Amino acid sequence: MDTSQYLEIFIDETKEHLQNLNEQLLVLEKEPDNADTINEIFRAAHSLKGMAGTMGYKRMQRLTHDTENVFSEIRNGKMKVSADLIDTLFQSLDALEGYLENIQQTADEGTDDHEPIIKQLNDILANGTGAAPAAPVTPAAEPKKEAAAEDNKKGRKYKNIKLEEHEISAMKEAYKKNMSVYGMTVYVQESCILKAARAFLVFKALEEVGEIIVSEPSVQDIEDEKFNFDFSLYLITEANEEKVKKVVTSVSEIEDVVLEKVENVEAFSGDREEKTEEKVEVKEEKPAQAAAQAAPAKQAAPAKQTAKPVVNRTVRVDIEKLDALMNQVSELIIAKNSLVSISSTENSESTLQGLHEQIEYLERITTNLHESVMKVRMVPIESVVSRFPRMIRDISKKLDKKMELYMTGEDTELDRTVIDEIGDPLMHLLRNSADHGLESKDVRIQRGKEEVGSIFLNAYQEGNNVIIEVGDDGNGIDIESVRAKGIERGIITPEQAETMTDKDVIGLLFMPSFSMAKKVSDLSGRGVGLDVVKSKIESLGGDVEVKTKLEEGTTFIIRLPLTLAIIQALMVELGEEKYAISLSAIQTIEDISVSDIKYVQSKEVIHIRGTVIPIIRLDKILDIEPREEEPENLTVVIIKKGDKLAGLVVDNLIGQQEIVIKSLGKYIDNSKIISGATILGDGEVALILDANVLI
Amino acid sequence: MEENKAGLEAVQYIVVKIGSEQYGIDIKYVDNIVRLQKITRVPKVQTYFKGVINLRGEIVPVMSLRLKMNQPESEYTNAARIIILKLEPQAAIGLIVDEVKEVVTLEDNEIEKVVYNAKDENAGFITGIGKHEGELISLLDLNAVIGERENA
């Protein structure tokens with residue numbers, strides 16, 4: 001029996017519970033008397049404990065147990081919610097998250113006991129209720145034992161176990177060695193979800209104190225969950241009754257254990273033997289099997305610690321999306337069949353027409369299919385942003401600034417790969433807002449603003465992009481001081497500084513190791529912030545823009561593509577080579593005459609409809625042999641990045657195409673101009689130009 | 001390749017020709033050998049990269065072993081092949097060689113280890129010299145051949 005098959009479920013659910021706890025605690029902090037919230041918290045903490053126990057994560061279980069105790073007291077009205085208490089509870093949630101992280105990496109919870117937190121929790125309990133919280137497990141176990149004694153009569157299912165010759169002789173042997181034999185029936189709670197796992201834990205625990213000679217149902221059946229909520233077994237051990245009982249009840253979600261020492265093996269077994277003699281033959285080698293099964297399980301445990309990839313990344317998919325996918329696949333098969341039948345008909349005239357129809361049909365299906373598959377990969381942004389309120393709360397405490405986070409559009413969906421990467425940059429921006437953006441309380445009052453600063457995070461879809469805005473109503477960026485800092489750092493010369501637009505100056509903030517903070521704090525100011533944010537977002541195919549107004553606030557606008565794998569692209573030709581340019585980056589395509597090209601600062605520009613656009617000669621950048629004579633008219637693809645424009649000179653346009661982006665692999669080190677490659681219909685490889693880098 | 005030699009007595013090598021020299025490539029890293037096909041040039045990359053090819057729907061970068069070894073590039077003949085190596089899963093790379101000759105099995109005692117010589121810049125690419133039927137085969141250290149990015 002191996003619990004690893006449940007690991008994925010465990011990690012998923014634990015994450016959900018922790019997130020839930022975080023959110024509910026935030027609510028509780030504001031409304032300390034909300035009974036619904038307290039109940040909800042208690043439930044989540046309880047399930048967390050149960051699950052950790054099931055999986056055998058003892059440290060995690062212990063911590064959740066103590067947390068749960070605190071909640072339980074609050075629920076019973078014996079304790080009041082205090083700021084201290086909330087802080088401690090948040091700490092213990094963080095500790096639990098730490099365990100979870102370890103489990104995710106290595107399938108092991110790690111060795112940190114988090115004693116200080118546990119002690120703190122117990123202190124709170126002691127102070128809050130006036131009672132000593134010592135050994136919370138024992139009082140729970142005590143009534144169970146008494147109950148067990150009462151239930152003894154009806155619960156002795158283990159007496160139904162059919163014992164075999166060699167099993168009885170094993171018992172006799174044990175008696176000779178002064179060991180005891182216990183018969184027992186273990187009852188698992190009916191609410192238990194992973195009862196096989198529970199049973200396994202009981203077996204494992206018992207194997208440690210003695211030897212299980214036989215069990216009913218068999219070990220195999222128990223592993224396969226082929227049992228109701230109880231199972232019976234005989235154990236040979238040196239330990240006393242008390243100890244055995246304790247071992248079993250230490251596994252959580254065990255309702256009860258009925259245990260009896262088999263005093264007179266001779267009579268007892270003889271009695272059994274008579275009744276069962278005819279049926280026993282089937283039961284062969286059960287103990288051996290059990291032992292064999294236990295052995296690899298034990299060996300597997302240490303091996304698991306070193307094995308790296310414990311859990312695959314998964315996506316939960318709405319069944320409706322899968323149904324749509326299935327439908328489209330069946331349509332695809334129909335289309336294929338039609339093509340087959342067309343190819344087998346003789347008449348050429350109508351065949352050709354039919355063929356065209358079918359190809360159109362096929363095109364429609366593949367487009368839909370693409371859409372559906374992309375939808376499957378989409379995850380709401382909520383999974384990333386839901387942890388931010390908690391983070392802002394912590395920062396607020398740490399900085400002693402009052403602030404509130406407002407979020408909208410949490411249900412905006414993004415590709416899974418983007419979601420995984422976007423968390424850190426967003427966190428960075430929020431921290432920036434909290435630390436640098438918002439002014440101190442005094443300044444805010446002086447400026448006639450609300451004392452509580454607001455930070456907002458808005459997400460919404462715009463065409464093929466998702467926009468995430470992160471901002472605050474704080475100080476704004478002081479452009480002049482950034483300019484001065486730029487000169488001071490030697491990044492720009494005073495002359496340059498004068499000609500730089502405000503936008504360019506703000507761009508300086510995104511330079512590596514450019515920090516405006518006057519002092520380095522825990523949160524920010526080390527100058528590793530915005531450049532990392534920018535490069536991360538650009539690696540996802542997006543870009544960042546800043547809007548700021550002094551004394552009114554700053555907003556960072558992040559634009560991200562909906563999907564990464566398949567894009568609409570314009571195919572262009574340069575000499576013999578073909579290149580793809582993402583359609584989303586293209587503004588217009590212009591035909592200009594060479595005589596329209598003007599020179600500004602000895603750079604080529606064109607003047608179209610009131611805008612001056614710099615010209616980029618792609619053939620020079622891409623080291624393509626120039627054409628022998630320059631034609632009179634040039635085809636220029638105007639690309640945009642934010643509100644910057646540039647014109648790319650190409651030889652020919654091939655047309656629009658849906659292309660699948662493939663990576664060039666890690667070995668090739670190009671200067672980022674090429675963001676990937678794609679395979680064309682004829683098997684040829686075309687490279688994809690990254691417009692963002694060209695501008 | 002080091003640990004490989006320690007564990008096994010005999011290793012199989014694919015013998016390839018570059019110019020007049022013979023090189024051995026440890027067979028366990030070889031995924032495939034394909035004929036020379038159209039290589040799409042990639043601008044602004046290390047000079048020894050010839051570009052990328054489409055290998056059954058996968059984009060595979062291809063490097064010229066000649067250029068990597070600082071030998072002059074020459075016209076490839078019909079005998080030229082691209083050896084597709086997979087040092088790690090999901091990261092294939094192609095090596096263009098003039099000719100693929102045969103597969104040989106070399107015992108430990110047929111391999112002479114080379115001592116690193118700082119003066120010879122190509123020495124770093126070779127782990128040893130194999131002797132087979134009176135001929136000498138330079139055994140390539142593939143990690144060095146592929147890994148060294150700055151040596152353009």
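At what angle do helix 1 and helix 4 of chain A pack, and how far apart are their axes?

1. This is a predicted model, in which local features need pLDDT of at least 70 and side-chain atom pairs count only at pLDDT 80 or more, while totals for chains, interfaces and linings use all residues. Residues are numbered from 1 along each chain as its sequence is written, and chains are lettered from A and ligands numbered from 1 in the order in which they are written.

2. Helix 1 (residues 7–30) and helix 4 (residues 83–106) of chain A pack at about 165°, their axes being 11 Å apart; helices are DSSP runs of H or I with at least four residues, strands are runs of E with at least two, and both are numbered from the N terminus. Axes are lines fitted to C-alpha atoms, for helices over the stretch in contact, and angles run from 0 to 180 degrees between N-to-C directions. The two helices of chain A are therefore roughly antiparallel (angles over 145 degrees), and their crossing is left-handed, that is, the near helix is turned anticlockwise from the far one by less than a right angle.

3. Among the residues making this contact are A:Leu18, A:Leu21 and A:Leu25 of helix 1 and A:Phe90, A:Leu93 and A:Leu100 of helix 4, where contact requires C-beta atoms, placed from the backbone, within 7 Å. By class, the contact of helix 1 with helix 4 of chain A has twelve nonpolar, three polar and three charged residues; Ala, Val, Leu, Ile, Met, Phe, Trp, Tyr, Cys and Pro count as nonpolar, Asp, Glu, Lys and Arg as charged, and the others, Gly among them, as polar.

4. Helix 1 of chain A also packs against helix 2 (residues 35–54), with axes that come within 9 Å and cross at roughly 155°, and this crossing is likewise left-handed. The contact includes A:His17 and A:Gln24 of helix 1 and A:Ala44 and A:Met51 of helix 2, and its residues divide into eleven nonpolar, six polar and two charged.

5. For helix 13 (residues 319–344) of chain A, the 26 residues should span 38 Å, which agrees with end C-alpha atoms 38 Å apart; the expected span is 1.5 Å times one less than the number of residues. The number buried in helix 13 of chain A is one, so this helix lies largely in the open (buried means 20 or more other C-beta atoms within 10 Å of the residue's own, with C-beta atoms placed from the backbone).

6. The contact between the chains takes 20 residues from chain A and 19 residues from chain B. On the side of chain A, strand 21 (674–679) and strand 22 (685–689) each give two or more residues, and strand 21 of chain A supplies the largest share, three residues.

Conventions: A residue is buried if 20 or more other C-beta atoms lie within 10 Å of its own, exposed if 12 or fewer, and partly exposed in between; C-beta atoms are placed from the backbone. Two residues are in contact if their C-beta atoms, placed from the backbone, lie within 7 Å. Angles under 35 degrees count as roughly parallel, over 145 as roughly antiparallel, 65 to 115 as roughly perpendicular and the rest as oblique.
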